Amino acid sequence: MDTIGEVTADLRSNIAAEARAKILYERLINLTDDVGVKDALGFLMTREVAHQISFEKALYAISNNFPPGKMPPIEKYATVYYNMSEGNDMRGSWNSDENFTFVANPEPAVDGGDGSASVTLSAAQKANLDNLANRTASDPSVNPVTGTDLGSVPPVENEAVKKGTTKRKTPKK
Ligand SMILES: [Fe+2]
């Protein structure tokens, strides 16, 4: 069991996992002609239905199940629908005037910025950023041995591995 420490988020996560698992079992059933395997997979697929029903009931047995967590949403963004799609846009309860304030042609940056990926940094923040960029810079001259080289059966025929010309990437100063 995986938990984020908030039961309503855990239940929603588990409901999604059960839904995906059912689809996976359906696809596995289609891959085999073995009657016994089909039977076992059919049982497991069906149990995912039972688990979804149970988890949904558990979720909706909690009256204050939304939104998850302790902090309230920021009111002005909580029920606004920004129509970012192009083309023949469908309207329904998921973006209706009844449930949302529908913004038909929103500005690219809904928080009021200019839409560009810019940020103002202090000198200390800039120094940290430069250090990070240096430390994590890619070295295009190396051909490192990785887990895929080591774990492949048979091993990947990597010319650099055969020649012994690979080297570990060393962080720049
Ligand atoms: Fe399940």
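User: Which residues does UniProt place under the feature "binding site"?

Analyst: UniProt positions follow the numbering used here, feature names are shortened, and annotations may be inferred rather than shown by experiment. The unreviewed UniProt entry places "binding site" at Asn83, Ser85 and Gly87. Residues are numbered from 1 along each chain as its sequence is written. The model is predicted: local features need pLDDT of at least 70 and side-chain atom pairs count only at pLDDT 80 or more, whereas totals for chains, interfaces and linings use all residues.

User: Where is asparagine 83 found?

Analyst: Helices (H or I, at least four residues) and strands (E, at least two) are DSSP runs, numbered from the N terminus. Asparagine 83 belongs to the loop between β1 (80-82) and β2 (101-103), and serine 85 lies in the loop between β1 and β2 as well.

User: Which residues is asparagine 83 in contact with, leaving aside its neighbours within four places in sequence?

Analyst: Two residues are in contact if their C-beta atoms, placed from the backbone, lie within 7 Å. With those neighbours left aside, asparagine 83 contacts Asp89, Phe102, Val103, Ala104 and Pro106.

User: How do helix α1 and helix α2 cross?

Analyst: Axes are lines fitted to C-alpha atoms, for helices over the stretch in contact, and angles run from 0 to 180 degrees between N-to-C directions. The axes of α1 (residues 7-31) and α2 (residues 35-60) come within 9 Å and cross at roughly 160°. Angles under 35 degrees count as roughly parallel, over 145 as roughly antiparallel, 65 to 115 as roughly perpendicular and the rest as oblique. The two helices, α1 and α2, are therefore roughly antiparallel.

User: What separates the C-alpha atoms of alanine 21 and arginine 47?

Analyst: Alanine 21 lies in helix α1 and is partly exposed, with 16 other C-beta atoms within 10 Å. Its C-alpha atom is separated by 9.9 Å from that of arginine 47, 26 residues apart along the chain.

User: What pattern does the protein chain follow?

Analyst: The protein chain has 6 helices and 2 strands, in the pattern α-α-α-β-β-α-α-α along the sequence. Buried residues make up 2% of its 173 residues.

Definitions and conventions: Buried ≥ 20, exposed ≤ 12 C-beta atoms within 10 Å, placed from the backbone.
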